[in-house]
Amino acid sequence: MNPSTALLTDHYELTMVQAALRSGHADRPCVFETFARRLPDGRRYGVLAGTGRFLEALRDFRFGEDELAFLREHRIVDERTLDWLADYRFTGDIWGYAEGEVYFPGSPLLVVESTFAEGVVLETLALSVLNHDSAVASAASRMTAAAGDRPCIEMGSRRTHEGSAVAAARAAYVAGFGSTSNLEAGRRHGIPTAGTAAHSYTLLHDDERDAFANQLASLGLGTTLLVDTYDVTAAVELAVELAGPELGAVRIDSGDLVEQAHEVRAQLDALGATSTRIVVTSDLDEHAIAALQAAPVDVYGVGTSVVTGSGHPAAGLVYKLVSRQGDSGAMEGVAKASKDKTSVAGRKFGLRRRGPDGVARAEIVGIDERPQDDGDDRELMVRLVERGEVVVPTDAATAREHHAMARAELPRRALRLSHGEPALPTTYLSDWS
């Protein structure tokens with residue numbers, strides 16, 4: 001059995017359960033919803049990622065002896081609540097957008113239908129996973145859109161927490177990155193891994209010739225030689241001299257990447273290495289990748305910017321109670337109405353309104369009823385958990401395929417990197433009608 005995920009939560013989630021048990025409201029049927037009030041400044045769309053990881057963590061959300069002993073020792077909750085937690089198993093239903101889906105303000109990304117107590121304890125777990133992974137995926141999608149058909153390698157492990165590095169590699173892969181430098185992400189999530197050598201390998205040797213010769217002897221002609229340790233022009237000439245025209249790739253990690261890419265491409269071609277690829281790294285983000293589109297670059301390696309959400313390390317998602325059972329037995333919408341943090345009451349349903357050409361036109365959100373498909377639209381809500389059991393695939397490859405489809409139907413303005421409004425307006429059903 002995997003380690004428990006039950007304490008990956010906030011203190012007040014459990015004290016709310018204690019208070020609700022005392023008041024008699026713990027078993028009141030409720031609906032919780034995860035959504036974004038707004039997108040990060042300048043973003044045209046967001047990308048939902050981490051749903052699979054959340055669902056896997058849900059399976060292990062159990063309060064075992066160690067977890068209960070900690071709570072008892074530190075007097076977090078009373079004995080009645082500890083007894084309730086000891087038997088905790090999520091038994092409700094969860095709906096939401098498929099992982100990899102694009103989203104907009106108000107999109108109902110995760111809808112939890114359960115008792116108050118069963119649902120409220122999942123808030124922190126859901127938000128910590130989805131906020132991180134969606135921030136990475138949203139940035140990564142902008143990068144892969146800017147890169148076009150040129151592959152991107154995720155290589156940011158050394159710029160974030162070791163656990164976050166694995167999650168970030170998965171989220172970047174969902175959003176179109178072709179590989180990762182992180183081996184644990186490769187093992188755990190089936191992501192292709194890539195990497196050859198750093199500057200330290202070249203500096204280890206008495207000269208660059210020995211470094212290149214030994215790397216080629218060990219890794220073969222298809223390897224990638226790092227050519228900017230000393231002098232790029234001299235290193236490229238040496239690389240082709242030693243490997244011949246079958247050299248796999250050269251990597252540039254500093255300087256004016258646009259200018260150097262043109263110079264290196266011309267030099268490689270002149271030396272007969274016309275099929276040798278050029279890999280560029282060095283603090284790339286979506287804007288740098290876009291600037292390199294006119295340069296003869298074959299592969300982009302991205303580190304810090306992708307694992308930190310390219311300036312927006314959290315997606316800004318919230319988890320709110322939007323409906324509860326009233327005294328009459330019917331469900332009633334509830335909503336927070338404080339200044340600047342309002343939410344919309346009622347259980348939500350999402351629909352992507354599309355034109356006859358298949359291009360998305362609007363995000364339609366129904367309140368307590370499903371929006372009607374006019375013949376060209378796409379239903380967005382998927383049942384993720386039924387009566388406590390996960391009923392969808394949780395792997396990264398499935399989410400990756402979904403993201404490619406979802407992004408492809410967006411209007412072209414969605415891929416602009418300039419500041420602007422969300423690419424699709426979010427319209428609630430009554431407004432659309």
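This is a predicted model: local features need pLDDT of at least 70, side-chain atom pairs count only at pLDDT 80 or more; totals for chains, interfaces and linings use all residues.

Student: Where is Ala-137 found?
Tutor: Ala-137 is in helix α6, residues 123-147.

Student: Is Ala-137 buried or exposed?
Tutor: Buried. Its relative accessible area is 0%, and the cut-off for buried is under 20%.

Student: What is Ala-137 in contact with, leaving aside neighbours within four places in sequence?
Tutor: Val-47, Ala-49, Ala-171 and Ala-175.

Student: And how far is the C-alpha of Ala-137 from that of Phe-177?
Tutor: They are separated by 9.6 Å. Along the chain, the two residues are 40 apart.

Student: New topic: α10. What should its 12 residues span?
Tutor: Helix α10 covers residues 208-219 and should span 16 Å, at 1.5 Å a residue. The end C-alpha atoms are 16 Å apart, so the two values agree.

Student: Which residues in α10 are buried?
Tutor: Glu-208, Ala-211, Phe-212, Gln-215 and Leu-216. They cover an arc of only 125 degrees around the axis, so they sit on the same side of α10.

Student: Which residues are exposed on the other side of α10?
Tutor: Ala-217 and Ser-218.

Student: What covers the buried residues of α10?
Tutor: The cover includes α9 (199-204), β8 (224-226) and α11 (232-243).

Student: What does Asp-207 reach at the start of α10?
Tutor: A side-chain oxygen of Asp-207 comes within 3.2 Å of the backbone nitrogen of Arg-209.

Student: Which residue follows α10?
Tutor: Gly-220. Its phi is positive, near 95 degrees.

Methods
Residues are numbered from 1 along each chain as its sequence is written. Side-chain values use heavy atoms; hydrogens and water are left out. Helices (H or I, at least four residues) and strands (E, at least two) are DSSP runs, numbered from the N terminus. Buried means under 20% relative accessible area, exposed over 50%, partly exposed in between (1.4 Å probe, protein chains only). Contact means heavy atoms within 4.5 Å. The expected span of a helix is 1.5 Å times one less than its number of residues. The arc is that of the directions from the helix axis to the C-beta atoms. A polar contact is a pair of N or O atoms within 3.5 Å; within protein, one must be able to donate a hydrogen and the other to accept it, and residues adjacent in sequence count only if both atoms are side-chain atoms.
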